Amino acid sequence: MRATGVKRAVDKITTPIWSWSLRNSIFPLHFGIACCALEMAASSAPRWDAERFGIVYRSSPRQCDVLLVNGWVTTKLRPDLRRLYEQMPEPKWVIAMGECAISGGPWYDSHTVVQGVDTFIPVDIYIPGCPPRPEALLDGFLKLQDKIRASTKGRFLED
Ligand code: SF4
């Protein structure tokens, strides 16, 4: 169905506002798996201050829009992580932080470790390193903000 002129005008005004608010209020799930989680904690401490970019961790997946996977995922953990992802409302994104989340890391050939979180949930941003420093994590969040900006551009103008 083609959009009416009024709807197009409203969308043109509201879409940039919606996009701006979406990318500047990111709520990652506060879920630490392994050693990379210590860098996640450091990135929110006063020295790096992730909150200045609108990044505020929440403890319930129902209140989150980013799943930050920050360690090796065992086959036992995989269904629970998948459930956490499914409990998050749309729109939502996934960040794979560190070699373990990306590929299994030092345990890539273990039968109990999953070879990358993207084998069972879609990943938007990859942050390499063992561990990635807090600066790298913040850079990953900024890249996610760019991705949100690009994906919301003209989103409502096409229907
Ligand atoms: S990537 Fe390195 S620092 Fe991060 S969880 Fe794996 S072993 Fe630990």
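**Reading a predicted chain: a dialogue**

Modeller: Of the 159 residues in the chain, 42% are buried. Please bear in mind throughout that the model is predicted.

Colleague: What box do the C-alpha atoms of the chain fill?

Modeller: Taken along the principal axes, the box is roughly 60 × 35 × 25 Å.

Colleague: How many helices and strands does the chain have, and in which order do the elements run?

Modeller: There are five helices and three strands. Reading from the N terminus, the order is α-α-β-α-β-α-β-α. As for contacts in the chain with a separation of 6 or more, 78% of them are between residues 24 or more positions apart.

Colleague: How are two packed helices described?

Modeller: The description rests on the angle between their axes and the distance between the axes. In this structure, take helix 2 (residues 36-43) and helix 5 (residues 134-152): their axes come within 8 Å and cross at roughly 75°. Helix 2 is therefore roughly perpendicular to helix 5, since angles of 65 to 115 degrees are classed in that way.

Colleague: Which residues meet where helix 2 contacts helix 5?

Modeller: Helix 2 contributes Glu39, Met40, Ala42 and Ser43, and these meet Pro134, Leu137 and Leu138 of helix 5. By class, this contact holds five nonpolar residues, one polar and one charged.

Colleague: Where does Arg133 lie, and which residues does Arg133 touch?

Modeller: Arg133 belongs to the loop between strand 3 and helix 5. Leaving aside residues up to four places away in sequence, Arg133 touches Glu39 and Trp48. Ala150 is 17 residues from Arg133 along the chain, and their C-alpha atoms are separated by 26 Å.

Colleague: Let us turn to the ligand. Which residues are around the ligand?

Modeller: Around the ligand are Ala34, Cys35, Cys36, Gly71, Trp72, Glu99, Cys100, Trp107, Gly129, Cys130 and Pro131. By class, this shell comprises eight nonpolar residues, two polar and one charged.

Colleague: Several cysteines are named there. How many disulfides does a search of the whole structure find?

Modeller: The search finds zero disulfides.

Colleague: Are Cys100 and Cys130 buried or exposed?

Modeller: Cys100 has a relative accessible area of 11% and is therefore buried. Cys130 has a relative accessibility of 62%, so Cys130 counts as exposed.

Colleague: Which peptide bonds are cis?

Modeller: Pro91 is found in the loop between helix 3 (78-87) and strand 2 (93-97). Another runs from Cys130 to Pro131, where omega is near -5°. Pro131 sits in the loop between strand 3 (125-127) and helix 5, and both Cys130 and Pro131 are among the residues around the ligand.

How values were computed. Residues numbered from 1 in each chain as written. Predicted model: local features only at pLDDT ≥ 70, side-chain atom pairs only at ≥ 80, totals over all residues. Heavy atoms only, no water. Axes fitted to C-alpha atoms, helices over the stretch in contact; angles between N-to-C directions. Helix = DSSP H or I, 4+ residues; strand = E, 2+ residues; numbered from the N terminus. Parallel < 35°, antiparallel > 145°, perpendicular 65-115°, else oblique. Contact = heavy atoms within 4.5 Å. Nonpolar A, V, L, I, M, F, W, Y, C, P; charged D, E, K, R; others polar. Near = heavy atom within 4 Å. Disulfide = S-S within 2.5 Å. Buried < 20%, exposed > 50% of the residue type's maximum accessible area, 1.4 Å probe, protein only.
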